[in-house]
Amino acid sequence: MGATHLPSTEFDGTELDDQLEAEAEARQGDPAEPMIQLLAPDGTLGSDPLFSAYADRLDAEKLRGFYADMAKIRRFDVESTALQRQGQLSLWVPLTGQEAAQIGSGRASQPQDYIFPTYREHGVALTRNVDLAELLRQFRGVSNGGWNPKDTNFHLYTLVLAAQTPHAVGYAMGIQRDQKLAAAAAEAVPGQPAEPKAAVMVYFGDGASSEGDVHESMVFASSYKAPVVFFCQNNHWAISVPSSVQTRIPLSNRAKGYGFPGIRVDG
Ligand SMILES: Cc1ncc(C[n+]2csc(CCOP(=O)(O)OP(=O)(O)O)c2C)c(N)n1
């Protein structure tokens, strides 16, 4: 897959990832399970037995880079909202308050990974080097607006709630099959470098979590052990419906029912 020009991201596959999976599995299922929160609202740095190890690997320059991305995308978001109010854009979907979740997760993705966004992942788009002007063209309704997903491995926005989740799982199952073929080919030709492992990340909202598409996707992902991360951004509202109506338990607890790890993070 393409996107080799993307900046190398912050984490690569290490033994920490295996630890993370085991820890996440041990933690889930408890309704009193606290959120993972490294930074308190007053800016105090807390600690977490597992996740602090990831934070410790980020030096000051990388942390400043995260902050710069968050500031940049906030500025872009404010300007885009103004453009919508001026009638220049037919629609704008703000990301205010979701900057950290988006920049953090986007910067954790690898260039070979493939991202399926909703319509609100402008911060993730920034981390994947999508031309932000293209986002504006799409929301202006320019008929040839949009970007070529192959350039950045960042899919076009999907406005039909949850429709991207089965696409993402299908894509992940495709990666799984390609990698099996590549591994067999590499075995046949000694010395051939192995393809880097790739995964899919799919975003959706708390409201979309009630759609059948999400349920079906999670069943398929689990049954086939597809390399996919379901990234639910719970901003507490689906237009006028509060998240308390979508679920009686923390959404991350649902993962256990499907048979894969789920963690709840303060975004
Ligand atoms: C299949 C479908 N049903 C309804 C809508 C109308 N709609 C647009 S956004 C939205 C709420 C989505 O809430 P959530 O999934 O929490 O995401 P958020 O917009 O809060 O990021 C709805 C119902 C839609 N776009 N697609």
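Me: I'd like to start with Gln 98. Which residues does Gln 98 touch, leaving aside those up to four places away in sequence?

Reply: A contact here means heavy atoms within 4.5 Å. By that rule, and not counting residues up to four places away in sequence, Gln 98 touches Arg 120, Gln 233 and Asn 235. Please keep in mind that this is a predicted model, in which local features need pLDDT of at least 70 and side-chain atom pairs count only at pLDDT 80 or more, while totals for chains, interfaces and linings use all residues. Residues are numbered from 1 along each chain as its sequence is written, and side-chain values use heavy atoms, with hydrogens and water left out.

Me: What joins the side chains of Gln 98 and Gln 233?

Reply: A polar contact is a pair of N or O atoms within 3.5 Å; within protein, one must be able to donate a hydrogen and the other to accept it, and residues adjacent in sequence count only if both atoms are side-chain atoms. The side chains of Gln 98 and Gln 233 are joined by such a contact, of 3.0 Å.

Me: Is Gln 98 buried or exposed?

Reply: Buried means under 20% relative accessible area, exposed over 50%, and partly exposed in between, using a 1.4 Å probe and protein chains only. Gln 98 counts as buried because its relative accessible area is 9%. To find Gln 98, look in the loop between α3 (60–85) and α4 (99–108).

Me: How do I read those element names, and how many helices and strands does the chain have?

Reply: They are DSSP runs numbered from the N terminus: helices are H or I with at least four residues, strands are E with at least two. This chain has 11 helices and five strands.

Me: How many residues of α4 are buried?

Reply: Seven of the 10 are buried, so α4 is largely enclosed by the rest of the structure. Among them are Glu 99, Gln 102 and Arg 107. The cover over the buried residues of α4 includes α3, α5 (122–127), β2 and β3.

Me: In what sense do β2 and β3 pair?

Reply: Two strands pair if DSSP finds at least two bridges between them. β2 and β3 run in the parallel sense over six bridges, and Gly 205 stands opposite Gln 233 in β3. β1 and β2 also pair in the parallel sense, over three bridges; there, Tyr 114 stands opposite Val 200 in β2. As for cover, five of the six residues of β2 are buried.

Me: Which residues have the most contacts inside the largest nonpolar core?

Reply: A nonpolar core is a set of buried Ala, Val, Leu, Ile, Met, Phe, Trp, Tyr and Cys residues joined through side-chain atoms within 4.5 Å. The largest one has 21 residues, and Val 169, Val 200, Ala 226, Val 228 and Phe 230 have the most contacts inside it. Two or more residues each come from β1 (114–116), α8 (164–188), β2 (200–205), α9 (212–223) and β3 (228–233). The largest share, five residues, is from α8. Val 169 touches, among others, Ser 217, Phe 220 and Phe 230, with residues up to four places away in sequence not counted. A second, separate core of 20 residues includes Val 124, Leu 126, Phe 139 and Tyr 157.

Me: Which residues come nearest to the ligand?

Reply: A residue is near a molecule if one of its heavy atoms lies within 4 Å of it. Of the 14 residues around the ligand, Tyr 119, Arg 120, Leu 159, Gly 207 and Ala 208 come nearest. An N or O atom in the side chain of Tyr 119 is 2.6 Å from an oxygen atom of the ligand. A polar backbone atom of Leu 159 is 2.9 Å from a ligand nitrogen atom, and a backbone N or O atom of Gly 207 lies 2.8 Å from a ligand oxygen atom.

Me: Which residues have a positive phi although they are not glycines?

Reply: Asn 153 has one of about 55 degrees, and His 236 has one of about 75 degrees. Asn 153 lies in the loop between α7 (149–152) and α8 and counts as buried because its relative accessibility is 2%. His 236 sits in the loop between β3 and β4 (237–238), and counts as partly exposed at 48% relative accessibility.
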